[in-house]
Amino acid sequence: MANEKGTSETRLMKGNEALAEAAFRAGMQAYFGYPITPQSEVLEYLAAQAPNHPDVVILQAESELAAINMVHGAAGAGARSMISSSSPGISLMQECLSYMTCAQLPALIVNVQRGGPGLGTIYPSQGDYFQAVKGGGHGDYHLIVLAPASVQEMVDFVFDAFRLSEKYRNPAMILADGAIGQMMEKVTLPPAGSLPKTEAPWATTGKSHTHERNVITSLYIQAERMEKHNLILQAKYIQMQKEVRWEEIRTEDAAIVLVAFGLMSRICEKTVDLAREKGLKVGLLRPITLYPFPTNAIAKLAKSAKAFLTVEMNAGQMVEDVRLAVDGKRPVDFYGRMGGMIPSPEEVLVHVESIAEKLQAVPV
Amino acid sequence: MEPVANIDGMELVYKKPHTLTDTPMHYCPGCSHGVVHKILMEVIDELGIQEETIGVAPVGCSVFAYEYMNIDMQEAAHGRASAVATGIKRVLPNKYVFSYQGDGDLAAIGTGETVHTVNRGENILMLFINNGIYGMTGGQMAPTSLIGMKTTTTPFGREASTMGNPLKITELLAQLPGAYFVTRHSVHNTAAVRKLKKAIAASFKYQKLNKGTCFIEVVSNCPSNWKMTPVESNEWLEKNMFPFYPLGDIKVPKS
């Protein structure tokens, strides 16, 4: 079904396809990709819809390495550009993401995570948290990272990520997982053309005779200049902190606060309900942006809550940032499954109950 | 010629192309890069396409090409120049796009991108500077180093059995249907420079036709890392490089 310009639309869609449709509606001008499970539907959907979008460049590259460098070229030429992949493919892109961040190129990078390390599994995981929020490639930099917990957010965050990446001239990542990419939910698609394009006077579109040439580079060979450029980037990361987003569920009176993102946060919502039914005062803090991280919101809860439990589909990555935010004021426990396994609400509840018992044994 | 104090009234026989910046080049004395930069910019001047041309610089000695070329440019990661050029050309199909790459960049770390860019027939010019050595990093073996060639990583000479043979990537690429114009040149004397200039000019005309990739190899010298004077290096080039990398057209458009 071709989308009508100027109207929003409600459909039942798979996460990956909703993301792809959202990209068209968000005014994406160029997409470069390479097949990898569990996100191949993105390129497949774009390719199938391409006849309805003759002005959008859609290209299957020979590798993720080539694809992300095509994004470098297209983004540098001022086009709203996007790439999607899954964990091993995202690893291959890290060099160019470092270049793009240094060269201040906006683009949307989507990681529909699968279990690792190595070739791993095609099942959902959150094992790329460190890679996504700590930089991932070489040098001091950050991506803007948004973690969707629903198919609707796969749509909404495409708009947010393009907007933020252009505002800060920094690549932005949607860090999803195989479950959100594959599951079907009802989504409302915003109207096409609703995201205005940011001006890009710095882009290499051909030197105007009235302006100096535009050069896109990440090379500053003199240490003094390289440090100066780093300071510009770091100042931008401080500015970005105001974009932090999070969601709190029943934290007002919570003694135990669960911290979880993406798919895991939806499962933990159910755990909160189960715990409340048992009379346990449990709440949930869900970081929506993983970079910037809701450090202050967690620090604030550390004043009222007695203990934290971070739940992730990995060996314990975000928990390090939660501990930094709590700063030793309260115990921060961790529960996680790896390799494509998804903890159930009941499984998480067992850990909540054991924390509750400990809290009763040691009055705080 | 008599030295002149006043050039008023004299006939202008040569001037630097205005698309070449005034920045002093960092290239070593006798290096081919300066000449290739100059004639590339001369062609852009003569065709009047300075405002319509976007270049991509590689990692290697010509990493700073954008300091000398007064056009919009992007600096790519090592080996990825043709992928970056693809991205630019796809979103700006009416502009002229070229990549400028050395042998390590184009024929070792970037071989995959090189082959697939040409195989897709991207309508760009790929300018390939082949001096058989890694210049920027100080003279290590390149994919195009000749058998027996001594480099810092082949101190006893390149040996085919353990290090492989020099890669004739230009001949390989000419096999691909996406390659429209493939030719090999040099800049070791003025006649060669004139021929290369004609080839570059032709390639920009072909680029306008959207027929496929134009690929120009320039067999070049590296006096510093070959440890020769510029004159010696050009003699060595003729004696050793040209027999293995013969000059001339490899694939020309059917007229």
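Reader: Where is A:P38 found?
Author: A:P38 sits in the loop between β2 and α2 (40-49) of chain A. Helices (H or I, at least four residues) and strands (E, at least two) are DSSP runs, numbered from the N terminus. This is a predicted model, in which local features need pLDDT of at least 70 and side-chain atom pairs count only at pLDDT 80 or more, while totals for chains, interfaces and linings use all residues. Residues are numbered from 1 along each chain as its sequence is written, and chains are lettered from A and ligands numbered from 1 in the order in which they are written.

Reader: What makes the peptide bond between A:T37 and A:P38 cis?
Author: Look at omega: about 5° for the bond joining A:T37 and A:P38. The bond from A:Y291 to A:P292 is cis too, with omega near 0°. You will find A:P292 in the loop between β13 (289-291) and α11 (295-304) of chain A.

Reader: Why is A:R250 called partly exposed?
Author: A residue is buried if 20 or more other C-beta atoms, placed from the backbone, lie within 10 Å of its own, exposed if 12 or fewer, and partly exposed in between. A:R250 has 17, so it is partly exposed. This residue lies in the loop between β10 (246-249) and β11 (256-259) of chain A, and its phi is positive, about 55°, although A:R250 is not a glycine.

Reader: And why does B:K227 count as exposed?
Author: B:K227 has 11 C-beta neighbours inside 10 Å, so it falls in the exposed class. Phi is positive here as well, near 60°, in a residue other than glycine. B:K227 belongs to the loop between α9 (223-226) and α10 (230-244) of chain B.

Reader: How do you know which residues form the contact of chains A and B?
Author: Two residues are in contact if their C-beta atoms, placed from the backbone, lie within 7 Å. By that rule, 33 residues come from chain A and 29 residues from chain B. On the side of chain A that touches chain B, the largest share, eight residues, comes from α3(A).

Reader: What makes β9(A) and β2(B) a pair of strands?
Author: Two strands pair if DSSP finds at least two bridges between them. Two bridges join β9(A) to β2 (residues 72-75) of chain B, so they count as paired. The strands run parallel, and A:I216 stands opposite B:Q74 in β2(B).
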